[in-house]
Amino acid sequence: MDLLLPAASSSASEVDHLLLALLLISGAVLVLVFALMFRYIVKYRASSGFDRGAVAQKTWILEGAWTVATLLVFFGLFIWGAELYVRLFQPPPGALKIYVIAKQWMWKVEHSGGQREINTLHLPVGRAIELVMTSEDVIHDFSVPAFRIKHDVLPDRYETLWFTVTRPGTYHLFCTQFCGLDHSKMVGAIVALTPPQFQAWLEQNGTAGTLEAEGKILFMRYGCSGCHGGNGNGGNQSESTVRAPPLTGLYGGPVPLSNGTVVIADERYIHDSIVLPDQQIVAGYAPIMPSFAGQIGEEDILKLVAYIKSLAPERPQ
Amino acid sequence: MWHPIARLRSRPGGASDDPQDQEQAVHAQLNRLLRAWLLLVLLGGAEFAVSFLPLARPLRPLVMIPGVLMVVTVTVAFMELRRGPVLVRAFAVAAMLWLLVLLSLGSADPLTRTEFHVPNVQVK
Amino acid sequence: MSSTVVHDFQYESPSHQAQTAIAGMWLFLATEVLFFGGLILSWIYSRHWNQIGFDAGARETKLWIGTLNTGILITSSFTYAAGLAWIRAGNTRRLIQCITVTLMLGLAFLALKFGLEWRDDFSQHLFPAASIFKITGAEEGGARLFFIFYFISTGLHGVHMVVGVALLLWIIRRARRGEFSPLYHTPVHAVGLYWSFVDIVWLTLYPLIYLVGRG
Amino acid sequence: MNSPTMASTVVEAGQIDGSYLTDGFTIRSWLLTTDHKRIAVLYLASITMFFFIGGIAAALVRLNLIVPEGLLGSAEAYNRLFTMHGVVMVWFFLVPAVPVTLGNFLIPLMLGARDLAFPRLNLFSWYLFILGGAVTLWALFAGGVDTGWTFYTPLSTTYSKGHVVLAAVGIFIAGFSSIATGLNFIVSIHRLRAPGLTWYRMPVFLWSLYSLSVLLVLATPVLAITLLLVVLERIFHIGVFDPAIGGDPLLFQHLFWFYSHPAVYMMILPGFGVVSEIIPAFSRKRIFGYKFIVWASVSIAVISFFVWGHHMFVAGTSLYSAVLFSILSYLVAVPSAIKVFNWLGTMHKGYIRFDAPMLYALGFIGLFTIGGVTGLWVAALAADVHLTQTYFVVAHFHYIMVGGMVSAFFGGLHFWWSKITGRMYPEMWARVAALIMFIGFNLTFFPQFILGYLGMPRRYFSYAPEFQVLNVLSSAGATILAAAYLLPLAYLVWSLLYGEYAPANPWGATGLEWQTPSPPPTVNFIQTPLVTQGPYAYPPPETGRERHV
């Protein structure tokens with residue numbers, strides 16, 4: 001029975017320090033409460049003849065003291081927890097993006113090089129990794145206790161989760177949001193490799209075409225090219241009568257929307273425009289794009305997103 | 001047997017006996033109610049008119065302001081918020097406060113959800 | 001009419017019991033405010049995520065029926081309050097007349113809403129759960145969400161109206177049997193509070209459904 | 001209006017023959033009673049039935065977790081069992097238990113009134129509870145629900161195979177029973193206080209039940225609309241929670257937890273009330289910091305509506321709202337801390353006796369404090385990311401609900417048993433049961449804290465082999481706990497027939513309910529009491545008090 005959970009990610013040790021502080025504070029409070037209780041039980045039991053003396057009337061000072069004390073301790077814990085959470089919330093730029101699709105009772109993982117895995121995730125040690133996750137049915141939750149991280153995976157939306165693995169090894173992957181019959185079978189393994197081993201693994205499993213290549217094929221098959229042009233450079237050329245926004249150079253750049261706000265086109269924006277086009281309509285264009293929700297599977301959307309991202313080569317991947 | 005220690009009970013609207021006074025009282029009431037009804041109709045018209053102003057889409061909910069005033073009018077005039085035990089006003093205020101908590105804290109999440117999800121990609 | 005009024009054994013006086021009953025009705029209305037509050041939060045979410053489609057759906061609503069219904073309910077609230085004023089002055093005949101007018105207005109509202117508007121909506125394929133839906137393309141999702149809110153909120157409000165109509169009939173029956181007097185008219189007051197509350201719910205739903213989306 | 005229908009109680013004559021129990025023996029006199037005391041007894045029977053149904057489901061869940069691959073052999077059965085345990089325990093035992101049994105019985109007595117404000121509404125509340133319970137049990141026994149008691153969408157609306165609609169309708173109906181009870185309590189406490197009983201002369205139990213009723217009345221309607229939206233979405237296959245058309249599954253979680261966090265305070269607030277009555281009674285000392293405890297309860301009732309977002313730190317809500325809910329969650333923990341310190345202050349320089357109610361109260365303080373401090377862990381954002389949805393959270397809320405609320409319920413039941421039934425329970429057996437319950441409870445749930453830190457997820461039919469030892473420990477504890485719960489059932493029923501007749505005030509406690517015979521007559525008080533002083537005016541024990549065992 002291993003009572004110590006390995007700390008294998010950069011933030012894991014920080015979370016452990018916070019948990020240790022919480023343990024110490026809880027321990028102190030419990031010792032105080034139990035000690036006082038036992039002392040009163042023994043000293044002031046009915047049969048003891050001990051002279052009780054005057055009972056304190058003015059309780060303001062004492063009440064005020066422990067109220068302020070608890071407020072200060074709690075505020076400290078809040079700041080500590082919130083600061084770490086904010087850092088865990090936003091992935092650093094240039095992190096290695098790996099796509100994860102949760103499906104009722106399995107994890108499907110896709111690397112940008114086209115490698116595919118079921119219920120396992122190979123990744124390099126020492127480098128910031130950003131998981132871009134979505135679900136094909138109910139809400140799941142990608143949880144790796146050894147990295148002290150978890151995040152719900154919502155259907156029809158991209159959720160991001162980032163971490164940096166510090167120690168090679170194999171770690172548990174659990175689904176921690178109840179998702180039906182085989183929720184407990186939806187487990188997997190995270191295999192952390194040293195960068196050379198990871199590179200070897202990539203070549204060895206890189207059989208299928210890259211995401212962009214397959215995305216280009218799907219771009220034609222699903223008819224996106226019909227409106228957005230053969231290579232996505234805008235819809236008002238000769239062969240298409242429909243005005244559709246150009247997709248070249250879209251990824252990473254600002255997109256002015258019809259309601260006046262400006263959004264930076266990330267995976268989420270591209271995914272949402274395919275599934276729910278009327279949420280964020282580009283300024284100056286009529287909301288005529290039909291929703292592809294249900295027609296294109298999440299895996300194909302991933303490939304389309306990868307292809308559209310490849311149309312903006314000058315920006316970092 | 002009951003000890004007449006004063007407890008929170010205000011006098012009910014004493015209807016005096018002679019009919020002349022009653023007739024008088026009723027017409028005063030009816031006029032008050034009629035004025036409230038007129039105010040409601042005016043506010044309804046105002047709301048209807050305001051809805052045709054070209055407001056930007058996120059500002060559209062401002063059309064609700066006359067509606068809220070109509071709600072206040074109905075509560076004060078027809079439901080007699082200001083008469084009866086203090087408890088009545090306490091419950092009305094509690095309902096509004098808790099509704100406000102549900103709607104404000106409830107919409108804090110969607111209104112602020114998109115901003116933080118965009119990765120800070122360097123724009124050329 | 002009985003001059004003395006008997007009260008429950010746990011109360012000190014009839015007015016003590018009457019005011020307690022009124023306070024109890026107000027508290028029940030507070031729970032109804034939270035009940036419809038949850039629905040308004042769903043309006044905020046649905047509109048926030050799909051503003052264009054949601055407003056497209058809102059433009060399909062029949063503004064004239066909504067506005068007419070608002071007028072009807074305001075007037076019915078007025079006539080009921082007038083009836084209450086009459087019974088406080090001891091005139092049961094006037095009370096019955098006022099409440100009958102209120103009843104007519106309530107039935108007119110229901111006829112307009114479910115007889116005319118809903119039937120028209122169904123015929124125009126605006127029912128969200130149906131496979132064929134009037135609005136297609138990018139705005140279909142938001143429009144369906146609007147009509148989900150529309151049918152649930154007006155349906156719930158309709159149920160409350162039907163209960164209100166039943167209560168009005170109950171009050172009329174008891175008034176005819178001469179049970180109410182200036183000393184005892186608590187049920188009239190309580191049902192009046194409920195009826196005005198249902199009017200208030202409509203006053204909040206009316207802009208949310210008919211006006212906000214029509215920018 | 002109805003004057004007291006029970007003919008036998010003649011108030012003016014000053015002499016009452018028989019109590020509310022002997023006031024009519026027909027089934028009809030029980031099933032159509034509007035006497036708050038009889039309704040409390042009806043509720044007590046229904047609550048006990050639901051407690052044991054939920055307990056059996058819990059025992060089977062623990063049985064299954066003895067081996068890593070799951071002893072029951074079918075994940076389907078396990079999922080439906082833990083959902084049944086959740087649904088039955090939350091809505092049919094924990095939320096109603098203290099208010100409808102002890103609350104219904106004691107509020108009019110403590111107020112010095114003859115009955116609640118709306119007696120017929122009170123009986124209607126019991127029938128709603130029974131109807132809701134019947135529909136829910138029909139759903140659970142006809143195949144059950146496989147969504148957990150939280151009914152998260154889109155699992156509950158589109159992908160679940162269980163009887164979600166039936167269970168939701170049952171809970172919907174039972175919800176209105178809670179609203180009716182809460183409404184009755186609030187109006188009664190405001191309007192039916194005895195002459196001289198000002199707000200600051202009321203016992204803390206009444207304040208706690210007042211705060212509880214605010215939660216019942218203002219939170220339960222939101223649950224009603226949420227379940228209605230789930231039912232409609234499941235029937236029409238389209239709804240506001242459906243992400244495919246732009247709906248938001250997080251909207252469900254917001255609406256659900258807006259009710260469900262106040263619900264967990266609905267469970268613990270009456271526990272605070274009961275303990276605040278027991279501790280002064282058995283320390284023979286005025287409660288320490290009456291105003292602080294009282295306003296702590298009221299502030300919990302208000303702030304508990306601001307904190308629900310801490311159930312969704314990893315659900316995908318915005319960063320801003322997560323941080324906001326975290327600071328508010330820490331604020332709501334302060335009143336609970338104040339209460340614990342005030343109970344200890346009450347025991348300071350007291351004359352403590354260790355009867356069964358006091359043992360339960362001491363157990364409550366200890367276990368609730370453990371539950372409370374672990375609440376700080378899951379309120380800290382970064383720690384919650386690791387701990388949420390694991391057995392740490394399961395242990396946290398069981399320490400508060402079972403360690404706290406159930407101990408307080410048993411403590412209150414023993415403390416007022418003489419007043420309810422007119423019989424004394426066997427003291428020795430009660431203390432034994434309290435100790436076994438304390439041991440069994442800790443053995444069951446403390447290992448789960450460690451399991452949670454190690455990352456074992458909740459609601460897992462089968463789990464990784466390295467978690468087995470702690471799970472076996474926990475299951476062993478569960479058997480002891482189950483035995484400990486059967487003991488009170490046995491000796492309390494025994495005391496109904498053979499227990500000694502109880503005097504009006506066996507504990508020498510202060511409070512209006514002790515100034516009337518036990519069991520009290522139907523009209524509660526022969527002479528409506530005049531209150532002239534605050535609660536807990538305990539003289540030091542030299543003056544002695546009539547108490548015999």
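Let's start inside chain A. Contact here means C-beta atoms, placed from the backbone, within 7 Å. Helices are DSSP runs of H or I with at least four residues, strands are runs of E with at least two, and both are numbered from the N terminus.

A word on the model. It is a predicted one: local features need pLDDT of at least 70, side-chain atom pairs count only at pLDDT 80 or more, and totals for chains, interfaces and linings use all residues. Residues are numbered from 1 along each chain as its sequence is written, while chains are lettered from A and ligands numbered from 1 in the order in which they are written.

Back to H4(A). Just after H4(A) comes Gly223(A), with a positive phi of about 85 degrees.

Next, the domains of chain A. Domain 1 covers 96–205, and domain 2 covers 211–310. These bounds come from an automatic or database domain assignment. The C-alpha centres of the two domains of chain A are 26 Å apart. Across the boundary, 10 residues of domain 1 of chain A contact 10 residues of domain 2 of chain A. On the domain 1 side, strand E1 (96–103) and strand E5 (128–135) of chain A each supply at least two residues.

Chain A also has a partner. 11 of its residues are in contact with 11 residues of chain C.

Last stop: chains B and D. Helix H3 (residues 86–113) of chain B meets helix H9 (residues 249–283) of chain D. Their axes come within 11 Å and cross at roughly 145 degrees. Axes are lines fitted to C-alpha atoms, for helices over the stretch in contact, with angles from 0 to 180 degrees between N-to-C directions. Who makes the contact? H3(B) brings Leu102(B), Gly106(B) and Asp109(B), and H9(D) brings Leu250(D), His254(D) and Phe258(D).

Terms used:
Two residues are in contact if their C-beta atoms, placed from the backbone, lie within 7 Å.
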